[in-house]
Amino acid sequence: MTDAKLRWGVLGTGNIAARFASQVPHSKTGQVVAVASRQADKAEAFGAEHNIPHRHASYDELLANDEVDAVYIATPHPAHVEWAIKTAEAGKHVLCEKPLGINQALGAAMIEAARRNDVFLMEAYMYRCLPQTKVITDLIRDGAIGKVHQIQATFGFATTFRADGRLFADDLAGGGILDVGGYPVSMARLIAGTAIGQPYDNPTGVSAVGHVGETGADEWAVATLTFASGISAQVSTGIRLADENRVRVLGSEGYLVIEDPWFGGDGKPTHVTVHRIGEDARDVAAEPAFIYAAEADAVAAAIDQRQAPEMSWNDTLGNLAVQDAWRAAIGQQYASERDDAAIPTATGRPLARRDDHTMTYGEVPGLAKPASRLVMGVDNQQTLPHAAMVFDDFVERGGTTFDTAYIYGGGRGEKLLGQWLKTRGNRDDVVVIGKGAHTPHCDPESITRQLNESLERLQTDHVDIYLMHRDNEDIPVGEFVDVLDEHRAAGRITAYGGSNWSTARFDEANAYAAANGKNPFTVLSNHLSLARAYDVPWAGCRHVSDPESQAWLRERQIALFPWSSQARGFFTGRAKPEDRSDEELVRCFYSDDNFERLERARELAQAKGVEPTAIALAWLLHQEYPVFALIGPRQISETRTSMPGLSVQLTPEEVSWLDLT
């Protein structure tokens, strides 16, 4: 950034906001020019105390202030997501108190908003910005204690129990893990990463015990984190039990002790103590620094890069994932996260597609509403908050079509989608695909039983498209057509078809329908991707990669909804000839021809300024029959990276060249 001071606005007037406002004048780069509270008198008093010229009686007023460049969000935890996104939409940079979101799903939504609006965002772990933390990582990197084996990090305090207090209130996301437990988790991940030459590392396992109090807040908890490197960490936190609040790092040649890891002296001299075999203990001094001033300077230094190395976006998401796992391991969950919760949109505004969306649409015979050419798979969402954020983002990007199945997650996928539909009130605006009759329950009676149960889970009276998940060729095809058409006539199904059906059996079904006055199959959901499948991941699966099936699709113009449309990540960079760790990917897709297709996708991607995954998706959408590609994003970012495939234009020659034809 330029030499001009970064002009800060502060949302909130609590204790931590006061500490930030009092220390920014000690920074080299910042000044606080505005404060906002929902109560005018509090904003006035705070502004007077800290000599802040602009004092706003609402957060929206501050966001509209052109003299504010960056906003420090110091509201209670649940309000972070709304105001971080609104701040980003106002074009202002964001420093948000920890935790960024009360779970990883909300944090991901905030990060996507920062990316979309091209603003800086950082989760405010101020200790990460201190000279003392750099001393720690330098010592680890230089081998001061040999090979790191274990990390012990604690942050807990005892406070007076108040059922209506912030630290214990369910609606304010109380408890130790979110309030201060993220500190030891983030330190452990930082040290574990430094030990292997990375900025951080994510644990492969989280086990924990703890005490959840009468209000539902976690009052004491301890967790063990295990890393692929062999390093382990013990972290503890609490709000009703004080702890030592220090960090110890044990290695093959000794250990480090950090007595004041979270505040680093806060303007006073501080140090890290090295204990090494055969040597006297030595203190390694760190330059004194005010913690919030250091944080403000870190923001200013990285603002042009939009994220800071002290706490990058992926680092934050990894930390939130551990906090989610820690809470789950001790049975802690807020009412706002339960499967029956009415979760609002991240901004609190009604859900709507954005004006700049790039989604495209197609018609499916039998449906009166268009289907988006990308279809959201409802099988990778673990919690209702996770599902809500991923589904909301998909709709904002123009998505309308959701793919469910009776067996996904034992019915959990349908339940999450149903609760989201109920809360959003948008059932008539979306296309719901339901699937049933999976082996071994592939018979007419199971279709009826499973469909009724699916409708109950989905909290709706119909699905727009119903697909038989498998075929059972021991049963005459007419029996399946009869039961499907019966449900169509009753309004429980609008259109229907088959998933993992042979083209011959599909034709047989439609011949029976034509001869008996029934509606035909109009949808097929078999596998197809630019990478040819040499095997299928599950028994009973079918693909349509062969020339005969492709000719059949072109001739009949059947709407294809291909699953695993991006070849299970083959085009993401996961597939390498020398890497055979993913047995399923190897079995289904590894071949010289597919690696040649991958190289051609990379070449074309570079020429068109997109990722290879976008080229693979564009190849599908340029087939000479209607294609609606199923995607299975686990994160909002995966939906984002799929979207460019809708806009890529391929010539017929490029389509053929990609397919080696």
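Biologist: What covers the buried residues of helix α19?
Modeller: The cover includes β17 (374–377), α16 (570–574), α18 (592–608), β24 (629–631), α20 (636–642) and α21 (652–658). Contact here means heavy atoms within 4.5 Å. Helices (H or I, at least four residues) and strands (E, at least two) are DSSP runs, numbered from the N terminus.

Biologist: What should I know about the numbering and the model itself?
Modeller: This is a predicted model, where local features need pLDDT of at least 70 and side-chain atom pairs count only at pLDDT 80 or more, while totals for chains, interfaces and linings use all residues. Residues are numbered from 1 along each chain as its sequence is written, and side-chain values use heavy atoms, with hydrogens and water left out.

Biologist: Back to α19, then. How many of its residues are buried?
Modeller: In α19 (residues 612–621), 10 of 10 residues are buried, among them Pro612, Trp619 and Leu621. Buried means under 20% relative accessible area, exposed over 50%, partly exposed in between (1.4 Å probe, protein chains only).

Biologist: Switching to strand β19. Why call it largely enclosed?
Modeller: Because 6 of the 6 residues of β19 (residues 431–436) are buried. On one side there are Val431, Ile433 and Lys435, on the other Val432, Gly434 and Gly436, and they are all buried.

Biologist: Which way does β18 run relative to β19, parallel or antiparallel?
Modeller: Parallel, with 3 bridges joining β18 (residues 401–403) to β19. Two strands pair if DSSP finds at least two bridges between them. Aspartate 403 is opposite isoleucine 433 in β19. Between β18 and β19 the chain passes through helix α11 (residues 412–424), a right-handed β-α-β crossover. Right-handed means that, with the strands pointing away from the viewer, the path from the first strand over the helix to the second runs clockwise.

Biologist: And what about β20?
Modeller: β20 (residues 463–468) is joined to β19 by 4 bridges, running parallel. Isoleucine 433 has isoleucine 465 as its bridge partner in β20. The chain gets from β19 to β20 through helix α12 (residues 444–458), and this β-α-β crossover is right-handed.

Biologist: OK, rings. How many aromatic pairs turn up in the whole structure?
Modeller: The search finds 28. Rings of Phe, Tyr and Trp (its six-membered ring) pair if their centres lie within 6.5 Å; planes under 30 degrees apart count as stacked, over 60 as edge-to-face and the rest as tilted. Phenylalanine 570 and phenylalanine 571 are edge-to-face, because their ring centres are 5.4 Å apart and their planes at 75 degrees.

Biologist: Is phenylalanine 570 buried or exposed?
Modeller: Phenylalanine 570 is buried, at a relative accessible area of 0%. Phenylalanine 571 also counts as buried, at 3% relative accessibility.

Biologist: Which residues form the aromatic cluster with Tyr125?
Modeller: Tyr127, Phe155, Tyr183, Trp262 and Phe263 form one cluster with Tyr125. The charged end of lysine 98 also sits over the ring of tyrosine 125, 5.9 Å from its centre. The rule is NZ of Lys or CZ of Arg within 6 Å of the ring centre and within 35 degrees of the ring normal.

Biologist: Last one: what is the strand order in the open sheet of 6 strands?
Modeller: The order is β3-β2-β1-β4-β5-β6, with parallel pairing. β3 (54–56) and β6 (121–123) are the edge strands, each pairing on one side only. Inside that sheet, β4 (residues 70–73) and β5 (residues 93–96) pair over 4 bridges in the parallel sense, and valine 71 has valine 94 in β5 as its bridge partner.
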